[in-house]
Amino acid sequence: MSAVEPRPWINAIAPYVPGQPAATRDGSMASNESTFPVSRRVADAVNAVLDGVSEYPDPLANGLREALAALHDVDPDQILVGNGSDELVYLLVLTYAGHGGRVLCAKPSYRIDEVSAAVVGADVAYVPLVDWRHDLVAMATVPADVAFVVNPHNPTGTTCAPDEIASFVDTARARLSVVDEAYIDFADIPEEATAIPLARRGDAVVLRTFSKVFGLAGARVGYLVGSADLVATLRKVRAPFSVSSFAQAAAVAGLADRDHYHRARTETVARRAELVRLLVDRGFEVVPSQANFVLARCEGEAALVAHLAASGISVRPGSALGVPGAIRVSVPSAEGLRLLAGALPDADQVPTRRRTP
Ligand SMILES: *Cc1c(COP(=O)(O)O)cnc(C)c1O
């Protein structure tokens, strides 16, 4: 049999290239994962599920949905839990922009937003970042089916103020505004930065994940908050059992462990400041970040990535993220920071791109 050809637009997709783990957990700074050990409560909850593994999971993750509804002061029917928030991105794009629709993103964007559009045969309209931030005024003028605002943004770590997002949602020509808040817990004041109030009113969709501050990237759980109508529509499209019983139990227990959350948040934010100091010290220009990673600009990106890899450290090359001439470094553990300090060249050996005065 000759090779089976996929639908024509599929061949044009540039595959998603994940970050590479280093040999040790401390050296892995490429995928913005949590550096904290798993919460005891999560481990116990996951173990307890084993007994019932012959049964299908609860398709709607009701226990998790109710806890999240209480946390965000919304109706449980305004919440949809997914197999990571990436699944929810695919669902939103398939449902609202599939078959010739149009997705609006910043440039550079979060890769999954553009890959999902390519998969369903939607166009992508891009609006370049200005000073590393979304240009929401320009984005609002672009007609689209789904607009993605990533706040804080990946790969830059920059944020838009809540009033800027509110006026974007108000004036956008896009039919649906999605605010991806994967990193919101690392912002100075998450409660003030969030667009949840807009999602509560059904004016926008907010995406959240358990992959970052909750340290459950391997469990694959994310959720969206939006209008009950939108959630009901997406339920028709989704695979009913996409979130495993292990994932649901892990997320419920992770959400309940507030000590773990606060420790992970506070220590990550403190270590982010140390990481920035180190990078600036070594001559890098660092983009101000409200996330658990920083973007550092340098000449000779490939040589630097290779040099760090030889020292057991993986970072994400900027060219893989639409920012050539930079590296994206996840906030490491304390030991990871020591490794990095030992491996980074001195300032006079790093040809960096400083802003011309
Ligand atoms: C890490 C990340 C996510 C999380 O995706 P999951 O599928 O929930 O692991 C979502 N959006 C952005 C922008 C991210 O960087």
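**Entry 1: the ligand shell.** I looked up which residues surround the ligand and found 13, the closest being Tyr183, Thr209, Ser211, Lys212 and Arg220. I note that this is a predicted model. I sorted the shell by residue type and got four nonpolar, five polar and four charged residues. I then asked which element gives the largest share of the shell; helix H3, residues 84–97, does, with three residues.

Entry 2: I went through N and O atoms of protein and ligand. An oxygen atom of the ligand lies 2.6 Å from an N or O atom in the side chain of serine 211, a residue I had already listed among the closest. At aspartate 180, a side-chain N or O atom is 2.7 Å from a nitrogen atom of the ligand. Serine 85 uses its backbone instead: an N or O atom there is 2.7 Å from a ligand oxygen. I also looked up the cover: of the 390 Å² of accessible area that the ligand has on its own, the protein covers 94%.

**Entry 3: the pocket.** I checked where the ligand sits, and the space it takes is the largest pocket. I recorded a volume of about 580 Å³ for this pocket. I found 31 residues lining it, with Tyr16, Ser31, Asp86, Tyr110 and Lys212 nearest its centre. Strand E1 (28–29) and H3 are the elements that give two or more residues to this lining. H3 has the largest share, three residues. By type, I wrote down 12 nonpolar, 11 polar and eight charged residues for the lining.

**Entry 4: cross-check.** I compared my lists for Lys212: this residue is among the closest to the ligand and among those nearest the pocket centre.

How values were computed: Residues are numbered from 1 along each chain as its sequence is written. This is a predicted model: local features need pLDDT of at least 70, side-chain atom pairs count only at pLDDT 80 or more; totals for chains, interfaces and linings use all residues. Side-chain values use heavy atoms; hydrogens and water are left out. A residue is near a molecule or strand if one of its heavy atoms lies within 4 Å of it. A polar contact is a pair of N or O atoms within 3.5 Å; within protein, one must be able to donate a hydrogen and the other to accept it, and residues adjacent in sequence count only if both atoms are side-chain atoms. Accessible areas come from the Shrake-Rupley method with a 1.4 Å probe; for residues, only the protein chains shown count as cover. On a 1 Å grid over the protein atoms alone, a cavity is a set of points where a 1.4 Å probe fits but cannot get out, and a pocket is an open set with protein on both sides within 12 Å along at least five of seven lines; lining residues have an atom within 4 Å of a point. A molecule sits in a cavity or pocket if more than half of its atoms lie within 2 Å of its grid points. Helices (H or I, at least four residues) and strands (E, at least two) are DSSP runs, numbered from the N terminus. Ala, Val, Leu, Ile, Met, Phe, Trp, Tyr, Cys and Pro count as nonpolar, Asp, Glu, Lys and Arg as charged, and the others, Gly among them, as polar. Grid points are joined across faces, edges and corners, and a volume is the space filled by probe spheres set on the points.
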